[in-house]
Amino acid sequence: MAQPPAQNSTIRNVLLAGILLMLAGDFLFALNDAMGKWLVASFSVGQVILIRSIGAFFVLGPMIARQGAARLFRMERLELQVLRVVMTTLDTALFYAAVVYLPLADVMSFYMAGPIYVAALSHLLLGEKVGWRRWMAILVGFCGVLIMLKPSSAAFSLSSTFALAGSISFAFAIILNRWLRGTSDTSLVTWQTIGTLLVGGFLTIGNWQTPSSLDFGAMLLLGLVSCGAHLMITRALKLAPASTLAPLHYSLLLWAVIFGLAFFGDMPGPRILIGSGIIVLAGLFIFHRQKVVDTVPPENVPKGVN
């Protein structure tokens, strides 16, 4: 039976709202990453993520009050909650450690491989069926990572290792989100923010540099921007199908190139462009196959790098 025109119009409007929120959230994440690269050029990674985490509570505070603080401590699978906090903290810390020395687009290219790792880990850890076509795409995506990494004694760098390890931590965090889908978004984001706050505080011991009012405000703003991006993308996933939104996540790479060139004068080299192109094509194919076979739930969509 055909749907009434008014209902079709409502569906289109909701879908459009989801798409726009996803694009806006990815833009905010890219802005967050560019601001972070600018700040870690002058301050330690620990100090940046410490003050960034404090800034996030300007957004989280009202959400915690509305949910009730007691609910933060009513969590399923405590061991997995702790592991997720560890993974998200590693993801954030390693990202900022990598952008100290690498161009923003280079680091983001490594993180674009996150969905490829998720597809492989979903089979190994969650027992989900991954057909031969997606396994081929996963292997092609890994080849793209190797092209960017260029693991030779002459070209291999610690910063590239940070970016690679951070992207793998990001993928594990997505898998853990799948396991912990019964936990509220507020609780998940609050505990991961507490984790980064504690690690940032520890790394800052003996390494504190008093920031100017502008720098301190920028670090607080970093937390606000990151939280806003998380909320936008979470809402987008409730308004539009994951298979529609997932490819839009690659707009992060475009923004990373634009911000890197505009603010830092960085232009990705041929190796990064070729490797990231392979990764994006492999990732888009994986998303396409997920839509065709409908075996991977919406929680598999990456919700952001940091």
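The model is a predicted one, and in it Val86 belongs to helix H3, which covers residues 78-99. This helix has 22 residues and spans 32 Å from its first C-alpha to its last, close to the 32 Å expected at 1.5 Å a residue. Since 16 of the 22 residues of H3 are buried, the helix is largely enclosed by the rest of the structure.

Val86 also takes part in a nonpolar surface patch of about 400 Å², to which Leu78, Val82, Leu83 and Leu90 contribute as well. In an α-helix there are 3.6 residues a turn, so residues three or four places apart point the same way.

The structure holds one salt bridge, in which the side chains of Arg77 and Glu79 meet at 3.1 Å, N to O. Side chains of opposite charge can pair when their charged atoms come close. Arg77 is partly exposed, with a relative accessible area of 43%, and Glu79 is likewise partly exposed, at 47%.

Helix H7, residues 158-179, contains Ser160, a residue that is buried, with a relative accessible area of 8%. The side chain of Ser160 makes a polar contact of 2.9 Å with the side chain of Ser157. When neighbours within four places in sequence are left aside, Ser160 is in contact with Leu102, Phe110 and Leu149.

Definitions and conventions. Residues are numbered from 1 along each chain as its sequence is written. This is a predicted model: local features need pLDDT of at least 70, side-chain atom pairs count only at pLDDT 80 or more; totals for chains, interfaces and linings use all residues. Side-chain values use heavy atoms; hydrogens and water are left out. Patches are made of residues with over 30% relative accessible area and no salt bridge: like charges are joined within 9 Å, nonpolar side chains (Val, Leu, Ile, Met, Phe, Trp, Tyr) within 5 Å. Accessible areas come from the Shrake-Rupley method with a 1.4 Å probe; for residues, only the protein chains shown count as cover. A salt bridge is a side-chain nitrogen of Lys or Arg within 4 Å of a carboxyl oxygen of Asp or Glu. Helices (H or I, at least four residues) and strands (E, at least two) are DSSP runs, numbered from the N terminus. The expected span of a helix is 1.5 Å times one less than its number of residues. Buried means under 20% relative accessible area, exposed over 50%, partly exposed in between (1.4 Å probe, protein chains only). A polar contact is a pair of N or O atoms within 3.5 Å; within protein, one must be able to donate a hydrogen and the other to accept it, and residues adjacent in sequence count only if both atoms are side-chain atoms. Contact means heavy atoms within 4.5 Å.
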